[in-house]
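I opened this notebook to keep track of what I looked up. The entries follow in the order I made them.

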Protein chains: 2
Amino acid sequence: MTPDSKGTSSAGSQTARRRIEAATLVTGNPNKVLEAERICGFSIQHAQIDLPEIQSALLAEVANEKAREAWRQIKSPVIVDETGLELASMNGFPGPLVKWMLDAIGPDGIARTVSALGDPRAAAVCMLAYYDGSAHCTGEGRTEGVLVRPPRGDNGFGWDPVFQAIGEIETYAQLAQGRKDEIGHRGRAWRALLSRMA
Amino acid sequence: MTPDSKGTSSAGSQTARRRIEAATLVTGNPNKVLEAERICGFSIQHAQIDLPEIQSALLAEVANEKAREAWRQIKSPVIVDETGLELASMNGFPGPLVKWMLDAIGPDGIARTVSALGDPRAAAVCMLAYYDGSAHCTGEGRTEGVLVRPPRGDNGFGWDPVFQAIGEIETYAQLAQGRKDEIGHRGRAWRALLSRMA
């Protein structure tokens, strides 16, 4: 990882850092805040609000609509973190709807499903959407992998124990945090956002 | 079916019919309008609008929120028709989110998934929500069945070709319309709504 990817070295990155520090990360999931601060290397204001989300198979649509809703509630610059899991065996379903599948059958249930369907490939996608009442900015991160059984590891959250990125031998929940941030969908999304906001 | 269940015989049913005739069925799916008119036995005003829907595993929550959104757009009494498919092998997932699963993998893909998971049981659920700006009224219909492969029949729409209700030997898409309306989730929901609005 270059120093730049932490958003702390160049003038451009300093601008991005200042803009992100002036925003509020609105999410009902405190784990997303922890990861964001670890990835960015600085503190991020956050508000724990479970925002209503529209139904869509398009992550960007869900994220942008959620950012507008967050802005209506907070009335100052906001960032939302929308995450999806695209299962190859289901042509990309459930995507942004994965949290409902996770609620229903858990990480092992999702892994069992793709295993039963004979294709374990999955893509983890994170879409960060910034909105300040007029300007939108998004950062997307995508990591290809497979779902494995049984679940392994105690780090992370959600489907981390069954997601193994291509080229890794450990699941997200087993990887050292630095490694997860480097190759993971959320790390990539934050670095993309930092670079676009510079 | 009793004459009452068509909403055309008693004073109470006449009241329900008048109230439903004064409302607009708001749906992006013209098949839902056709079935509603066949079930009720009278014409129903409709507006073909694809409303944004919130993400939820609770059909009633999605339907009531959608009815309020429809009312904001139409400004006169509205009815919305929210349908879900609860897969036993996935603890009820995807429920109201089934249309996204259907878009992704089609009816046979859904049937293949539950077959691979070893439990073909599914429940078809329809929730009708009426809202006139102040009063809410809902009618729910539920039909238990199994998903079968390959898809059979040319009637109906959506996942009708793979849904076979308990006690039937034909899929929804093979059943005579009268029989589908009698035992189906949408017929039951409309009769529940008619009876509650009487």
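Ala, Val, Leu, Ile, Met, Phe, Trp, Tyr, Cys and Pro count as nonpolar, Asp, Glu, Lys and Arg as charged, and the others, Gly among them, as polar. I also noted that this is a predicted model.

**Entry: the cavity**

How many cavities of 30 Å³ or more does the structure hold? I found one. I looked up the volume of the largest cavity, and it is about 30 Å³.

Next I listed the lining. The residues around the largest cavity are B:Glu35, B:Tyr172, B:Lys180, B:Asp181, B:Gly184, B:His185, B:Arg186 and B:Gly187. I then asked which elements give two or more residues to this lining. They are helix H5 (177-183) and helix H6 (185-196), both of chain B. H6(B) supplies the largest share, with three residues.

With the classes in hand, I sorted the lining. I got four charged residues, three polar ones and one nonpolar one.

**Entry: cis peptide bonds**

I turned to the peptide bonds, starting with chain A. The bond from A:Arg149 to A:Pro150 is cis, and its omega is near -10°. Where does A:Pro150 lie? I placed A:Pro150 in the loop of chain A between strand S6 (136-147) and strand S7 (163-165).

Then I went to chain B. B:Arg149 and B:Pro150 are joined by a cis peptide bond, with omega about -10°. I found B:Pro150 in the loop between strand S6 (136-147) and strand S7 (163-165) of chain B.

**Entry: positive phi**

I looked up backbone angles next. B:Lys75 is a residue other than glycine with a positive phi, near 60°. I located B:Lys75 in the loop of chain B that runs between helix H3 (59-74) and strand S3 (78-87).

Is B:Lys75 buried or exposed? I checked the cut-off: exposed means over 50% relative accessible area. B:Lys75 has 57% relative accessibility, so B:Lys75 counts as exposed.

B:Asn91 sits in the loop between S3 and strand S4 (94-95) of chain B. Why does B:Asn91 count as exposed? B:Asn91 counts as exposed because its relative accessibility is 59%.

**Entry: recap**

- The lining of the largest cavity includes B:Glu35 and B:Tyr172.
- B:Lys75 has phi near 60°.

Technical notes
Residues are numbered from 1 along each chain as its sequence is written. Chains are lettered from A and ligands numbered from 1 in the order in which they are written. This is a predicted model: local features need pLDDT of at least 70, side-chain atom pairs count only at pLDDT 80 or more; totals for chains, interfaces and linings use all residues. Side-chain values use heavy atoms; hydrogens and water are left out. On a 1 Å grid over the protein atoms alone, a cavity is a set of points where a 1.4 Å probe fits but cannot get out, and a pocket is an open set with protein on both sides within 12 Å along at least five of seven lines; lining residues have an atom within 4 Å of a point. Grid points are joined across faces, edges and corners, and a volume is the space filled by probe spheres set on the points. Helices (H or I, at least four residues) and strands (E, at least two) are DSSP runs, numbered from the N terminus. Buried means under 20% relative accessible area, exposed over 50%, partly exposed in between (1.4 Å probe, protein chains only).
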